[in-house]
Amino acid sequence: MTKEEVQGATEEEQQAQSKKAQKKQQKEAEKAAKKAEKQAKLAAEQQTTEEDDFAKDQYGVSPMVQSQQKLDRALVRVQDLTPERADQLIWLRARVHTSRAKGKQCFLVLRQQQFNVQALVAVGDRASKQMVKFAANITKESIVDVEAAVRKVEQKIESCTQQDVELHVERIFVISQAEPRLPLQLDDAVRPDGEGEEEGRATVNQDTKLDNRVIDLRTTTSQAIFRLQSGVCQLFRDTLTNKGFVEIQTPKIISAASEGGANVFTVSYFKTSAYLAQSPQLYKQMCICADFDKVFCVGPVFRAEDSNTHRHLTEFVGLDIEMAFNYHYHEVIDSITETMVQIFKGLRDNFQTEIQTVNKQFPSEPFKFLEPTLRLEYTEAVAMLHEAGVEMGDEEDLSTPNEKLLGRLVKEKYDTDFYVLDKYPLAVRPFYTMPDPNNPKYSNSYDMFMRGEEILSGAQRVHDAQLLTERAMHHQIDLEKIKAYVDSFRYGAPPHGGGGIGLERVCMLYLGLHNVRQTSMFPRDPKRLTP
Amino acid sequence: MPMYQNGEVDPAVKALEARQDEIIRKLYELKAAVEGLAKTVHTPDADLDLTVSSSLSSQTFSSAALKGTTDLDSLLGKDHGALRDIVINANPAQPPLTLLVLHSLLCKRYRVLSTVHVHSSVASVPSQLLSCLGPRHEDSYARHLFQLGFTLIWKDVPKLQMKFSIQNMCPIEGEANVARFLFKLLAPYPSDPSLATMVDSWVDTAFFQLAEGSAKEQAAVLRALNSALGRNPWLVGPEFSLADVACCCCVLQSGSACSAPANVQRWLKSCENLGHFSPAKAVLQ
């Protein structure tokens, strides 16, 4: 209406418009009348329902839980709904995954984390017609409290995790109502790639998933991924603690960049500026010099590299190890590989359900490994690549495609997805890497690979202040900037080595996923700062 | 065929005739193929015609050890400046005794880096299988110091498998075939093709009849062994060969050593006196 008034420039137009407007007004009035009539009817209906609904206390929207009362009510977990509980009357709290009304019945799928069960509200002596209607109108993803009888079913319910029982609902209360329109459908988000296209159904692309991460994290796949990730952390801690390691916490706000200045985030720090730690490298080494012997650290690590690839994040969780050894840095390699093997074994033995859940959406071969871990030398790797027809120099660094090819060759010969590559050329490693005593072209450094992608880069560090200065000068590093670092080795430093692993990468490669953002709960990359 | 000239030829008979002609034609083809093969067998193979002594008694090993590297280059082709690693996937349910014996022979001849791994497809492996290649070499931290790698992986495989040069060779299946390959790194087969065939034949007998056969078959093989050993000190000719290694290991594994006939008993003793069989015996315990 207002629009027309504004637009009315000339008389004629105004007249014509007013005619139109009149018509419109009339129409609207009719509509309003109809609406009022409908509302009245609805109200009447509601009234009548309220009047003759014998089950009106058995359902409804609960008042907001403000901790008014402390009910002595045991809520059963969905995963515990097995045939042993048949014919029991139980309470449970779950989300409404889907609801489907069919005449006098309404089927609900109630979901709790990665488990779900079928529930049935049917008109009978327990539930009224209105209750069924109410159940059918509960929005998806709402949280409900349900009292129901567990009943065995004759035919397995294929679509649910609890296939042998269903719930016959006696009471249902909405605890938290979801908005009717969801930004993405959970079923679409877990559909395997390609399957949606065939059936003409929607799949959700990664950015939409990440934009609505809270909902995406509810999917069975996400639930499984992050349960497994928690397992990796747990196994990492347990294994190292058993080996006599000490967990340390290091500062993340640091005064100087530890590895090259280019890829650090600068933050303002009162009147000066500071950096976000790229790795706890320096602090791990200082702990070794301070007689902690074997340390590890689980914490965030920041990289200001502007690379938008499937395996780079700007903030990730680093699992870092540093240890003093007696005579040979292979003691360190052995310690790290044993830890990794313990993690793989723990996942294989305790997280089979999670692995299979992820595999349903993202199929991949099971992760294979050898115990003890296979260790190859750089020269062997170069020979293998030469044999496969790759032209590369003996002291050249491995390019990413060559890394992948090498991974395939190693898999073919040894059938392992995890191996160590030892004795890298000195020229391609950082200045604090210890040179090889027998051949100065090589170094006491190593990389570890999972499914052909690097997950760990480590080495024996130079623990001699003088050699460290020489190496730094060779790399043309400003000695003033690393003075504090070099000085920590002047007062007696044990020989030591270590390495750091990215938690997200380990999970991604273990599960055979294709993007590190899938294993980061709230990923940070050059283009994403929210949620 | 005068019988059928009256126009009474039965179509079934005609079909039979056609089939017979076809079979005869195939037989001729087969004959030609066999003759062709026989020609290649009678021509001495250049690879086998080495002048190195074919004797495998332990004394000759010390003298042969010096020629190690050049031998490997001629046997395995160009050296790429890296370890030549032989990977063997074996099922822990059937430890490959023959290969353990051949491994200890290889160690006497070359600098061998031996490693044992457990693949993630098997849950646990008895400790004697983990140490079946002997203690770790003191230089094992430097792989490039070795001529040959012997990597034994305990894995859930239906058949023993060897992987060597993945670019040029398909994986080799079966313990017998891997044994033949490893043995050729130690000594050439007898240059006489009939003797070489006999070695192969005994190896087959050992693995198909002694190791997998019924009690009846095993008894028959023991009788055959007994008569062969009545004529010679070793199974094929005057020299110790792969035939002896394979048969000895399979007799030990089948557990019929105690009930074996006299010549076999004597031969088993001689085998043991060579000292190569201790790794196999350690695994059997």
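Buried means under 20% relative accessible area, exposed means over 50%, and partly exposed covers what is in between, all with a 1.4 Å probe and protein chains only. At 42% relative accessibility, A:Asp293 therefore counts as partly exposed.

## Ground rules

This is a predicted model, where local features need pLDDT of at least 70, side-chain atom pairs count only at pLDDT 80 or more, and totals for chains, interfaces and linings use all residues. Residues are numbered from 1 along each chain as its sequence is written, chains are lettered from A and ligands numbered from 1 in the order in which they are written, and side-chain values use heavy atoms, with hydrogens and water left out.

Helices (H or I, at least four residues) and strands (E, at least two) are DSSP runs, numbered from the N terminus.

Most residues other than glycine have a negative phi, and most peptide bonds are trans. A:Asp293 has a positive phi, near 70 degrees, and sits in the loop between helix 9 (281-289) and strand 11 (294-302) of chain A. A:Phe270 also has a positive phi, near 50 degrees. Its loop runs between strand 9 (266-269) and strand 10 (272-276) of chain A, and with a relative accessible area of 77%, A:Phe270 is exposed.

Now for the cis peptides. The bond from A:Glu371 to A:Pro372 is cis, with omega near -5 degrees; A:Pro372 lies in the loop between strand 13 and strand 14 (374-377) of chain A. The bond from A:Thr530 to A:Pro531 is cis too, with omega near 0 degrees, and A:Pro531 falls in the segment after helix 16 of chain A.

Strands of a sheet pair through backbone hydrogen bonds, either parallel or antiparallel. Here, two strands pair if DSSP finds at least two bridges between them. Six strands make an open sheet with mixed pairing, in the order 13(A)-2(B)-3(B)-1(B)-4(B)-5(B). Strand 13 (370-371) of chain A and strand 5 (172-173) of chain B stand at the edges with a single partner strand each, so one side of each has no neighbour in the sheet.

Where do the chains join up? Strand 13 of chain A pairs with strand 2 (residues 112-119) of chain B in the antiparallel sense, over two bridges, and A:Leu370 stands opposite B:His119. Helix 13 (residues 400-414) of chain A lies across strand 13 of chain A together with strand 1 (84-90), strand 3 (148-154) and strand 4 (161-163) of chain B, at about 50 degrees to strand 1 of chain B.

Strand 17 (residues 453-460) of chain A has six of its eight residues buried, so it is largely enclosed by the rest of the structure. Strand 16 (residues 445-450) of chain A pairs with strand 17 of chain A in the antiparallel sense over six bridges, with A:Ser445 opposite A:Ala459. These strands form a hairpin with two residues between them, and A:Arg451 in the turn has a positive phi of about 45 degrees.

Strand 17 of chain A also pairs with strand 18 (residues 496-502) of chain A, antiparallel over five bridges. There, A:Leu456 has A:Ile501 as its bridge partner.

## A:Met508

A:Met508 lies in helix 16 (residues 503-511) of chain A and, at 0% relative accessibility, counts as buried. Leaving aside neighbours within four places in sequence, its contacts (heavy atoms within 4.5 Å) include A:His310, A:Arg311, A:Glu453 and A:His514.

## Helix packing in chain B

Helix 7 (residues 193-210) and helix 9 (residues 242-254) of chain B pack at an angle of about 10 degrees, with axes 8 Å apart. That makes helix 7 of chain B roughly parallel to helix 9 of chain B, a label for angles under 35 degrees. Residues meeting across this contact include B:Trp202 and B:Phe207 in helix 7 of chain B, and B:Cys247 and B:Val251 in helix 9 of chain B. By class, the contact has 12 nonpolar, one polar and no charged residues, where Ala, Val, Leu, Ile, Met, Phe, Trp, Tyr, Cys and Pro count as nonpolar, Asp, Glu, Lys and Arg as charged, and the others, Gly among them, as polar.

B:Arg180 lies in helix 6 (residues 175-186) of chain B and is buried at 14% relative accessibility. Not counting residues up to four places away in sequence, B:Arg180 touches B:Tyr189, B:Asp200, B:Val203, B:Asp204 and B:Leu242.

Definitions and conventions
Axes fitted to C-alpha atoms, helices over the stretch in contact; angles between N-to-C directions. Parallel < 35°, antiparallel > 145°, perpendicular 65-115°, else oblique.
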